[in-house]
Amino acid sequence: MRIRTVIFIFIFMCLLLMPIGIVAQVQRLGEDVQYGASLRGTGGGGDNAPFWFTNNRYGLGPIDNNTVLLRAYIKRDVEADSLRDWRIGYGADMAVGKGGQSIFNVQQLYGDVEWKMLRLSLGQKQRPSEFKNEELSTGGMTLGINARPIPQVRLELPDFWIVPGTKGLFAIKAHIAYGLYTDNRWQRNWNAGTPNSYTQNSFFHSKALFMKIGNEKKFPLTMKFGLEMACQFGGKGYNLLGRKNEKLEQGVSLGGNFLNSFFPSGGDINDDSFSNASGNHIGSWHLRLDWTAKKWSIGAYMDHLFEDHSQMFMQYGFWKDMLLGVEVNLPKNPYLSTLVYEHIGTMNQSGPIYHDATEENPQQISAIDAYYNHHVYGAWQHGGFVMGNPIILSPMYNGYMGMEGLLNNYFNRANAHHVGLKGNPTPRLSWRLLYTYEKNLGAYDHPVKDPLEGHFLLLEAAYRLKRIRGLSVAAAYGHNHGSLLGKANGVMLTVAWDGWIYKTN
């Protein structure tokens, strides 16, 4: 089935399901609409842009120094209708620039329809990582803020919904989504003139279920935990199995692919007799504990990554690879407001040996998880940026590492320490600092001779002008040092302006 046909079916079904009551209240769509525009420029020297200039910017961070990006948006949040059962939101966000991957990008284009606590979201929308500080964290292990958003149809409980009869002590949050990858042109250009494999027109699926125990209004300790899973599936593969320029359909049927993505099953076309599951499956277990006092709070969290079924449960050293973090929000002061520390470890990956059970040796060893890698889809990426945590370097860096045109991730065995600090000296002035130290051993099937080390620094300050309403300026300094990504120094300057097209209150 062609991509255009699938998009048309999605839109048509959503229109059929849209209640008449919403259509009758279309006049509200012009109320409480925000606008914004920004101009960002970077400059400096080095092998590439500073790490934190590039990463965790939803795919719009510059890979190279000396770039310019103009961005503009309008949006209406569903919270504008907070006193109604039916709520409507939408947004459009465009970017045009020089020196990036492409001149023009549709970054966001979406519509949200919400009834009570249930939301239907259609389109391309930036979504933050679960249970992490977006400004200071390295991001989620499965779905972070590193790559451009994927257009999708998403049904969700966006906020924790208190289960009736539990006296506010138990709540759930969940979603299920299907979408389409938009990096066809990038993959074709990245692999142009090479025999390397790549895919086109593949689909995206994600789902999650989280639970919350406790109520901070009654007792300061709360716990959040749950499971997040995602999958890339379907589409067509090129240059697979060593057959150059041959198109290979993935899976047996469109319907079968959708079912296999929800319940990991089936197999890929080049699995031979050792079938695993159709598509590129990945997921995380999440756990966060928060102690919320009157003037301060502290939270500790865990994000455990797993590929396919390996390390999903306790069989292969569940506690060896994960992101562990602490977030502290201090009492109000003019110096430091928030502190984040994270340790990211991906060295083990269930161990260094993989063996499928055979008649001669029936012992199954499902190790060498090869995080963010897949034998059909290359890497867990969109447009060259990993869709999870950027500590596992994106394929976009492969060219710098001497592996031009290769889509796989060759630097997934990492051990990193990360610190994020934020302060608000005045209501108009804010600052943040990010520092990351990473040691990387490459990958089990592509080890490096000596451990690679990287030091990544970002220091940023932003000021919101008083005399010109809505205008703000920001300046940032970034620095890379070490054998992992080489040396780099850069400066980023941003001028932004935002406000309301029409506001009811």
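**Charged pairs**

Guide: K125 and D112 are both buried. Keep in mind that this is a predicted model.

Visitor: How far apart are the closest N and O atoms of K125 and D112?
Guide: Side chains of opposite charge can pair when their charged atoms come close. K125 and D112 form a salt bridge. The cut-off for such a pair is 4 Å. Here the closest N and O atoms are apart by 2.6 Å.

Visitor: Where do K125 and D112 lie in the chain?
Guide: The salt bridge between K125 and D112 links distant parts of the chain, 13 residues apart. K125 sits in the loop between β5 (118-124) and β6 (152-162). D112 belongs to strand β4 (residues 104-115).

Visitor: Why does the salt bridge of R127 and E156 tie together separate parts of the sequence?
Guide: The side chains of R127 and E156 meet in a salt bridge, at 3.7 Å from N to O. R127 is in the loop between β5 and β6, whereas E156 is in strand β6, so the pair ties together parts whose separation in sequence is 29 residues.

Visitor: Are R127 and E156 buried or exposed?
Guide: Buried means under 20% relative accessible area. R127 falls in that class, and E156 does too. The answer for R127 and E156 is buried.

Visitor: Which residues do salt bridges with shared partners join into one network?
Guide: The whole structure has 18 salt bridges. R127 and E156 make one of them. Salt bridges that share partners build one network from R87, E114, R119, R127, R154 and E156.

**Around N440**

Visitor: Is N440 buried or exposed?
Guide: N440 lies in strand β24 (residues 429-443). The relative accessible area of N440 is 0%, so N440 is buried.

Visitor: Which backbone oxygen does the side chain of N440 reach?
Guide: The N440 side chain has a polar contact of 3.1 Å with the side chain of E438. Beyond its neighbours within four places in sequence, N440 contacts several residues, including I391, R413, V448 and L484. F411 is among those contacts as well. At 3.1 Å, the side chain of N440 reaches the backbone oxygen of F411.

Visitor: Which residue is the bridge partner of A414 in β24?
Guide: Strand β23 (residues 414-426) pairs with β24 in the antiparallel sense, over eleven bridges. The two strands form a hairpin with two residues between them. In β24, A414 has as its bridge partner N440.

Visitor: Which strand gives the most to the nonpolar patch?
Guide: The patch covers about 660 Å² of surface, and its members include F219, L221, W291 and V326. L221 is in strand β10 (residues 221-233) and is partly exposed at 39% relative accessible area. The top contributor, with three residues, is strand β13 (residues 280-292).

Visitor: Near what value is phi of N66?
Guide: N66 is in the loop between α3 (51-54) and β2 (67-76). Its relative accessible area is 56%, so N66 is exposed. N66 is not a glycine, yet its phi is positive, near 65°.

Visitor: What is the phi of N201, about?
Guide: N201 is found in the loop between β8 (198-200) and β9 (203-213). N201 is partly exposed, at 32% relative accessibility. N201 is not a glycine either, and its phi is positive, about 55°.

**The whole chain**

Visitor: What share of the 505 residues is buried?
Guide: The chain has five helices and 27 strands. Its accessible surface is about 24100 Å², with 62% belonging to carbon and sulfur atoms. The buried share of the 505 residues is 50%.

Conventions
Residues numbered from 1 in each chain as written. Predicted model: local features only at pLDDT ≥ 70, side-chain atom pairs only at ≥ 80, totals over all residues. Heavy atoms only, no water. Helix = DSSP H or I, 4+ residues; strand = E, 2+ residues; numbered from the N terminus. Buried < 20%, exposed > 50% of the residue type's maximum accessible area, 1.4 Å probe, protein only. Polar contact = N/O pair within 3.5 Å; in protein donor to acceptor, adjacent residues only side chain to side chain. Contact = heavy atoms within 4.5 Å. Patch = residues over 30% accessible without salt bridge, like charges linked within 9 Å, V, L, I, M, F, W, Y side chains within 5 Å. Areas by Shrake-Rupley, 256 points an atom, 1.4 Å probe, with all protein chains shown as cover. Pairing = 2+ DSSP bridges.
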